[in-house]
Amino acid sequence: MPVLTTISSVGPLLRLLPAPSARSRSLRFRRRSSSDSDQEYLVDAPESVGDGFSFSGGVSFCKFKTWLLVYVDNMVVVTGKYSDGPNRADEWLALGKTVKAHPVHGGKGKAKDPIFGLTLGAGSQSSADVFRWFCVEAGSSLNSPIILVHGFPSQAYSYRKVITMLSENYRAIAFDWLGSLLYLCFGFSDKPQPRYGFDYTLDEYVLAFESLVNVLVPGKVSLVVQGYFCPVVLKYASCHQEKLSELILVNPPLMEKHAKLPSSLALFSNFLLGEIFSQDPLRASDKALTSCGPYMMKEEDAMVYRRPYLTSGSSGFALNAISKAMKRDLKDYVKAMRTTLSSETWKISTTICWGMRDRWLSYDGVEEFCKASNHKLVQLPMAGHHVQEDTGGELGRIISQILSKNK
């Protein structure tokens with residue numbers, strides 16, 4: 001992986017850790033209770049840094065103090081610092097705020113992990129009444145609002161360059177979906193355990209998004225939506241056209257063939273193996289982000305995306321649940337999105353921005369669809385699927401130009 005680093009300065013730490021047996025190639029499941037509580041647990045974690053757990057097979061993970069050590073066969077790879085000291089995740093968190101929106105349904109008590117049935121720690125429990133969403137806002141509240149919606153799997157951090165550029169003339173807001181990737185799954189928002197208040201169905205996401213928008217922006221708003229959450233937001237928008245000023249879709253799963261998740265995401269929905277791979281920080285974060293475009297992320301940025309999986313097992317549980325929902329319902333949602341965007345009743349000015357180096361979604365048929373539906377199309381030759389991460393400055397300029405023309 002291009003984001004991995006090996007740091008010789010942690011050599012003294014490595015001698016304290018037992019190397020995994022070269023002969024053992026089968027999957028090994030180990031668990032233990034946290035020393036602080038009988039109801040919290042850690043697995044393969046020498047330091048009590050979170051409430052999650054991990055599985056180990058050909059690759060073993062060891063969280064030691066502030067470093068994640070990854071055993072690949074008999075070689076140790078140090079993937080980066082993730083807790084003590086200043087880091088970009090903490091800096092990003094300091095910029096945001098928590099917004100409460102969408103009621104918690106169920107009331108089934110404390111969330112438990114689906115494998116061993118052990119009660120998860122506080123970091124993996126959702127709010128008791130209303131979900132918490134992490135939002136970063138920049139720009140004057142007097143300016144026209146625009147909400148930036150990240151795709152799957154990603155987080156609001158991917159819009160860090162875009163939001164800075166838009167803040168000069170707009171009130172720009174980025175948020176983490178429930179179950180997203182950071183401090184609390186896709187980011188710093190609540191990541192409830194499935195069946196404990198939120199089941200991660202696409203229908204639930206539509207209702208949750210409506211609740212959030214109503215809290216953030218009572219009046220009209222422009223939306224920028226990227227990737228596999230575009231069909232979810234389109235379903236909301238189709239019922240609330242009166243709320244929208246402008247819609248910008250970034251590499252949406254627009255064509256019928258786009259309704260099938262790529263293999264690097266579909267594997268998280270597999271029985272048992274999905275649960276295992278979704279707890280792997282490198283497979284769930286690094287590979288999912290770098291396999292869909294020409295990404296060469298800096299280590300400090302990669303650690304922001306990786307951090308949720310290092311501190312809580314609930315990030316992986318949420319990833320597994322969302323993948324299953326996408327695999328089950330994405331085809332119908334993509335079809336509904338195409339129908340909406342092609343309908344004469346759709347009155348919202350719509351632009352589709354497309355990163356031409358997307359390795360997940362083919363460009364074939366996109367141009368023809370935009371022409372037939374009378375939607376504007378903007379190509380970004382050097383961007384992949386996560387355009388805002390790959391060419392955030394260019395995307396920010398494009399968004400500003402689109403919004404300024406339609407004022």
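# Questions on a predicted model

User: Where does Met326 lie?
Analyst: This model is predicted. The residue is part of a helix, and the helix that holds Met326 is helix 10.

User: Is Met326 buried or exposed?
Analyst: A residue counts as buried under 20% relative accessible area and as exposed over 50%. The relative accessible area of Met326 is 0%, so Met326 is buried.

User: Which residues is Met326 in contact with, leaving aside its neighbours within four places in sequence?
Analyst: Met326 lies in helix 10, and its relative accessible area is 0%. Leaving aside neighbours within four places in sequence, its contacts are Phe152, Leu202, Tyr228, Phe229 and Leu261.

User: How far apart in space are Met326 and Thr201, C-alpha to C-alpha?
Analyst: In sequence, 125 residues separate Met326 and Thr201. In space, the C-alpha to C-alpha distance between Met326 and Thr201 is 8.0 Å.

User: Where is Tyr200, and is it buried or exposed?
Analyst: Tyr200 is found in the loop between strand 11 (186-187) and helix 4 (202-216). Its phi is positive, about 65°, although Tyr200 is not a glycine. Most residues other than glycine have a negative phi. With a relative accessible area of 0%, Tyr200 is buried.

User: Is Asn374 buried or exposed?
Analyst: Asn374 also has a positive phi, near 60°, and is a residue other than glycine. Its place is the loop between helix 11 and strand 15. The relative accessible area of Asn374 is 70%, and the cut-off for exposed is over 50%, so Asn374 is exposed.

User: What is the peptide bond from Phe152 to Pro153, cis or trans?
Analyst: Pro153 sits in the loop between strand 8 (145-149) and helix 3 (160-166). Most peptide bonds are trans. The bond from Phe152 to Pro153 has omega near -5°, and this bond is cis.

User: How far is the backbone nitrogen of Ala156 from a polar atom of the side chain of Asp176?
Analyst: Asp176 is in the loop between strand 9 (171-175) and strand 10 (180-181). Asp176 is buried, with a relative accessible area of 0%. A polar atom of its side chain lies from the backbone nitrogen of Ala156 at a distance of 2.7 Å.

User: In which sense do strand 12 and strand 13 pair?
Analyst: Strand 12 covers residues 221-226, and strand 13 covers residues 244-250. Over 5 bridges, the sense of the pairing of strand 12 and strand 13 is parallel.

User: Which helix makes a β-α-β unit with strand 12 and strand 13?
Analyst: The unit is right-handed. The helix in the unit has residues 230-239, and this is helix 5.

User: How many residues of helix 5 are buried?
Analyst: Cys230, Pro231, Val232, Val233, Leu234, Tyr236 and Ala237 are the buried residues of helix 5. Their cover includes strand 8, helix 4, strand 12, strand 13 and helix 10 (314-342). Helix 5 is mostly covered, and of its 10 residues the number buried is 7.

User: How many residues of strand 13 are buried?
Analyst: Strand 13 pairs with strand 12 over 5 bridges and with strand 14 over 4 bridges, in the parallel sense. Strand 13 is mostly covered, and of its 7 residues the number buried is 6.

User: Which residue in strand 14 is the bridge partner of Leu247?
Analyst: Strand 13 and strand 14 pair in the parallel sense. In strand 14, the partner of Leu247 is Thr350.

User: Which residue in strand 15 is the bridge partner of Cys353?
Analyst: Strand 14 (residues 350-355) and strand 15 (residues 376-380) are paired in the parallel sense over 5 bridges. In strand 15, the partner of Cys353 is Val378.

User: How many disulfides does the structure hold?
Analyst: A disulfide is a covalent bond between the sulfur atoms of two cysteines. Cys239 is exposed, at 57% relative accessible area, whereas Cys292 is buried, at 0%. The number of disulfides in the structure is 0.

How values were computed. Residues numbered from 1 in each chain as written. Predicted model: local features only at pLDDT ≥ 70, side-chain atom pairs only at ≥ 80, totals over all residues. Heavy atoms only, no water. Pairing = 2+ DSSP bridges. Helix = DSSP H or I, 4+ residues; strand = E, 2+ residues; numbered from the N terminus. Buried < 20%, exposed > 50% of the residue type's maximum accessible area, 1.4 Å probe, protein only. Polar contact = N/O pair within 3.5 Å; in protein donor to acceptor, adjacent residues only side chain to side chain. Right-handed = clockwise from strand over helix to strand, strands pointing away. Contact = heavy atoms within 4.5 Å. Disulfide = S-S within 2.5 Å.
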